[in-house]
Amino acid sequence: MNNAVSPSPTELGLPLYLLLPMLAAIMAITPLTIDMYLPAMAIIADSFHSDVTTVQQSLSVYLAGYSIGMLTFGPLADRIGRRPLVITGLSGFMLCSIGLALSPSLQLFMILRFVQAFIGAAATVVIPGYIKEIYGENTAKGMSYVSLIMMLAPLLAPSIGSLILGFGHWPLIFIILAIYAGALLLLVSLKLKMASDAKGAPHSTQSFLGNYRIVLSRPGVKPYLASGLLCALAFFCYLTASPFVYMEVFHLSKSLFAILFSCNVGALAIANILNSRLVVRFGPRRMLAVATMTGTVSALALVTVNLLGLEYYWTVITLAPLMGSMGIMSVNSDAIVLMKFKQETGTATAVIGTLRFGIGAMAGPILAFFYTGTAVPFAAIMLAAIVLIGVCQLFTGPGTLKSPTAP
């Protein structure tokens, strides 16, 4: 596969080693906003004279707002450009964070969480499009780098939230988020200068629904969208079931669970590093195929060790390569979808994100339906998802894949 010619630092406005962390930091506002306030939920409930279960609904409110925001701003980015939406999204996110810190009631808190997620989606939905612009046919390589940096956010966010609570009350968490967004807004205003944001740059002329029609009807897109969707189902099953599996089924301590969870994040990170090195040579389709095969073997082993009732470390050993394979599958399926579009990357990102959040919300009910009190259902669902990803690849056409913008 021929390498795409990367823009020069002058064309990018920032050196690549600074631009990529900035783009990843913008993407990270979502996991940071979701996870940083988790340790403060009980305190927030007390301050509003409510209960924790009610405050927990703010998480669902956030996810709903974010999904609707992606669906709204994805096509808009394709029509008016990415930079205005990044500035709008970060500005709105910053103001909503300040409003959340000053919120006098739980009702207003809930409303602002929805608005914060909705407007924040304007900033994050455009980032994969920027990655595609930078890397062209090597988009999967850039996505791996951004995913690698982003993994730090959900890993560190709860600890950061707990640390902040040690210095002040829960509103300080949202003040810190406002400062974070403000710093990014300043950096974007001064340094984000991409060719697609230049005056006179071509944009989509399709209607709002027209962009969605193009994305959903483009030949060869649906199998890769389905692959990403199934990968998200497997991943959310892991996120939902892992506390129960480790602490209830295997009776491990919370501290050991945290260590094992971090190890699986480490497996994802290593996988993204490998993908960034190998995808340029072998291409995203081959990387996706190989990862699906290794994921199937690992998932089958995971089901087997739990059917046999083996000790927890066998589950740990089989989960690590499975999580790594899923990381490679997710990045490459997304990259393949994005590379099929020239001016509809925002809409494509919106479709990818909304489908994944939707299937993520279904992971809990699916696990509950198959509940047996063991780790077998979660392992079996992950295996089924990976096998179906392999089936999806049977419906993809042969040939090399090139970005519409690649030379």
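Are F109 and W170 buried or exposed? Select both residues: F109 is buried, and W170 is buried too (buried means under 20% relative accessible area, exposed over 50%, partly exposed in between, with a 1.4 Å probe and protein chains only).

Before going further, note that this is a predicted model, in which local features need pLDDT of at least 70, side-chain atom pairs count only at pLDDT 80 or more, and totals for chains, interfaces and linings use all residues. Residues are numbered from 1 along each chain as its sequence is written, and side-chain values use heavy atoms, with hydrogens and water left out.

**Whole chain**

Along the principal axes, the C-alpha atoms fill a box of roughly 60 × 55 × 35 Å. Of the 407 residues, 51% are buried.

**Aromatic pairs**

Next, select the rings of Phe, Tyr and Trp. The structure holds 16 aromatic pairs (centres within 6.5 Å, using the six-membered ring of Trp; planes under 30 degrees apart are stacked, over 60 edge-to-face, the rest tilted). Return to F109 and W170, whose edge-to-face pair has 5.7 Å centre to centre and 85° between the planes. F109 sits in helix 7 (residues 106-124) and W170 in the loop between helix 10 (152-165) and helix 11 (171-191), so the pair ties together parts that are 61 residues apart in sequence.

Now move to F235 and F236. Their ring centres are 6.3 Å apart and their planes lie at 75°, so this pair is edge-to-face. F235 is partly exposed, with a relative accessible area of 27%, and F236 counts as partly exposed at 25%.

**Helix 17**

Finally, select residues 345-369, which form helix 17. This helix has 25 residues and reaches 36 Å from its first C-alpha to its last, close to the 36 Å expected at 1.5 Å a residue (1.5 Å times one less than the number of residues). Centre on A363, where helix 17 bends by about 30° (the angle between axes fitted to the seven residues ending there and the seven starting there). A proline, P365, follows within four residues.

Methods: Helices (H or I, at least four residues) and strands (E, at least two) are DSSP runs, numbered from the N terminus.
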